[in-house]
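Morning, everyone. I have one structure to show you today. Let me put it up and walk you through a few spots.

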There are 2 protein chains.
Amino acid sequence: MKIIDGGVTAAAGFEAAGYEAAIKYQNRMDMALLYSRVPCRAAGVFTGNVVKAAPVLWDKEIVAHSPYAQAVVINAGIANACTGKQGYDCCRQTAQKAGEMLDIPADSVLVASTGVIGWQLPLDKLKAGVEKLAEKKAATPEAGLDAVKAMMTTDTVPKQAAAQIEIGGKTVTVGGMCKGSGMIHPNMSTMLGFVTTDLAISKELLQEALSEDVKETFNMISVDGDTSTNDTLVVLANGLAGNAEITERNEDYAKFREALHYVNLTLAKKMAGDGEGATALFETKVIHAATKEEARTLCKSVVCSSLTKAMIYGHDANVGRIMCALGYAGVDFDPEKVDLYCEAGGDRMQICKDGMLTDYDEEKATKLLSAPEVSVIVDMHRGDAEAAAWGCDLTHEYVNINADYRS
Amino acid sequence: MKIIDGGVTAAAGFEAAGYEAAIKYQNRMDMALLYSRVPCRAAGVFTGNVVKAAPVLWDKEIVAHSPYAQAVVINAGIANACTGKQGYDCCRQTAQKAGEMLDIPADSVLVASTGVIGWQLPLDKLKAGVEKLAEKKAATPEAGLDAVKAMMTTDTVPKQAAAQIEIGGKTVTVGGMCKGSGMIHPNMSTMLGFVTTDLAISKELLQEALSEDVKETFNMISVDGDTSTNDTLVVLANGLAGNAEITERNEDYAKFREALHYVNLTLAKKMAGDGEGATALFETKVIHAATKEEARTLCKSVVCSSLTKAMIYGHDANVGRIMCALGYAGVDFDPEKVDLYCEAGGDRMQICKDGMLTDYDEEKATKLLSAPEVSVIVDMHRGDAEAAAWGCDLTHEYVNINADYRS
């Protein structure tokens, strides 16, 4: 696998665009289009929140029942959630408009929204935006960057990743973009993520690859423990790489899984590190757990704790908070068998042995915890399973952003 | 039931004291004693965290197996959690010292600690403190206030409550104190709570009354979602009111339950309202839910959400965040049947109808959300069950406190 620059326009046949539609934000792009020159197999994972935004309902239908998908229309500023029939009808009319402009069926057009919950979208601005986006779309890296910028809300950086693999002598590219910074606790997250590939693969295997991979990537990050109403992650595969279609779990499938995993994991970690107000990416790895599920539960509990998050912000090795968060995770274990380490920049230090604090160097601990990427390693001494989760620190800026998000 | 002033020394026969033992804090009281002139029936509920502090392990033994309890020794500053055998031995030696000083068996002495996890307690200071406390103890309101002040950590106010009932012509008093401000998400909470009563009641019914009542009181509050390693709530009943012992679930038991509920609920709400950095008490009531369990799950999800908490701090009626938190609670419901109201100072306003925002007056909403006690009412239109939960807003000061708690 070769890591390359770029995002959703890296794979053959994909085009993108961004546009200033002035839906809520002013003086910045707030609508994006993603388009494939040929029809795509589509796979998706969506929020587990019972309160699902209208575009989530629309996209689930398309992914499940449409023969193919070929475009995605995205807006930032208003989430089109808790908007009832009017909200769903807005999705349909947006897709119809895009279908007309791109000369493709309306039921091959996905839509995605992010922003304030409860407000109706201005349909006239959306339609005008679709017209402009259809004219502007291009297969360039710049167009891909426009698209990812247009869907940002409280994000501070655009998030993209791409990789290439060789399958049957053909170069296959997988590229993705995502947004998300608050209300991030994906079960499947307000994250939006779009991955494109020119791979030829059956729809079933594409969905399986995505569903399996999110368990280790997007579902293992948390900014604030709030699972959004709009979480959407879609993969579009258009087959233009020219490989023989993957229809079984063979070596080629494994190569694709590797590239997809790289793109998803890179995007997920960028999202956690760019969590609202965050100054650091906070990773927790659990090793030697009894089961995979147990490992996941434990490391998520640590990265989700308000107290461990505030501790990372303060660069304060308050080890008891990590033990505390492990202890209330819902896993029954013997605390006196737990070892803890903290790690940053390749430097590792033991901070807890057999459930009790070691006589560690506080100054060194503070230094490790001041890095922009901090890891805590939890050795459970119970078995062979392991997992990792990613979050960020809890800061004054998080409170600033969320005390008055709508204005 | 008559609400009265006072706390743990309100009931007949109970004495208390506070003392500056300089365990970690300087220039303030940090040790407390609670003592009954006669042996007490004891009931307790303790943290559900797998990582249990040494005093929790000690007290669980006493409550389960000792014939009675007669004193509690409490310290603030160090939690005596993740301290292994040395920590447990410290509990035993503290109880032994108190037993000697008070001329009671060591296994009738409960101990309780709150503060930094992972540090060992200085036994010599504890023992010296016990000597002074045994000398100072008194049955006065001032002594009760000293005790509650001595166990405060990041608390900003001492928390007490008391009530009286008549049982068989005898006046029975129930009084309590608690501390707790951060790491508050009791599942049975670093909260410590102590309730005293002069009621005569069987041990079984005392435990049943407590276990049932915490489900509606202490277990329905949350400051930060972190369930502490030290949560302890103990009720001591010494029988000195002179009523005929309650041994069945009769009318007298119901009267006691009412008084106990008032004391527990008042203490729990004071704790939530005094959450670390909090500027407001945030209540959520769910009505017309299908089951009690569902009602509890839904209202806890709303008060625990970082986003709703930040919204309360910002006085910003971002209704979508409430719908979002309901939606990821794990209850399957139809969002289009949900009505929401906000309420403060007896003034109520509908903000959501059939899952969609009403055209409410933003200025009025901001005013309601600026009150020191804010309620959100959620009408599920599914059945007859209801529940309430209490939390607080998420503020800059919470981050300040927890970014560098140990120093």
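Start with two helices. In chain A, helix α7 (residues 292-304) packs against helix α9 (residues 319-327) at an angle of about 130 degrees, with their axes 8 Å apart. Axes here are lines fitted to C-alpha atoms, for helices over the stretch in contact, and angles run from 0 to 180 degrees between N-to-C directions. That makes α7(A) oblique to α9(A). Under 35 degrees counts as roughly parallel, over 145 as roughly antiparallel, 65 to 115 as roughly perpendicular, and the rest as oblique. Helices are DSSP runs (H or I, at least four residues), strands likewise (E, at least two), numbered from the N terminus.

Which residues meet there? Leu298(A), Ser301(A) and Val302(A) in α7(A) meet Ile322(A), Ala325(A) and Leu326(A) in α9(A). Contact means heavy atoms within 4.5 Å.

A quick word on the model. It is predicted: local features need pLDDT of at least 70, side-chain atom pairs count only at pLDDT 80 or more, and totals for chains, interfaces and linings use all residues. Residues are numbered from 1 along each chain as its sequence is written, chains are lettered from A and ligands numbered from 1 in the order in which they are written, and side-chain values use heavy atoms, with hydrogens and water left out.

Next, backbone angles. Most residues other than glycine have a negative phi. Now look at Cys82(A). Its phi is positive, about 60 degrees, and it is not a glycine. Cys82(A) sits in the loop between β4 (69-78) and α2 (84-102) of chain A. Is Cys82(A) buried or exposed? Buried, with a relative accessible area of 9%. Buried means under 20% relative accessible area, exposed over 50%, partly exposed in between (1.4 Å probe, protein chains only).

Over to chain B. Asn80(B) has a positive phi of about 50 degrees, and it is not a glycine. Asn80(B) lies in the loop between β4 (69-78) and α2 (84-102) of chain B. Asn80(B) is buried, at 1% relative accessibility.

Now both chains together. A rotation of 180 degrees, with 0.0 Å of shift along its axis, superposes chain A on chain B (RMSD 0.0 Å). That is the relation of a two-fold axis. In chain A, the C-alpha nearest the axis belongs to His396(A), 2.6 Å from it. Copies are superposed by least squares on the C-alpha atoms of residues with pLDDT of at least 70 in both.
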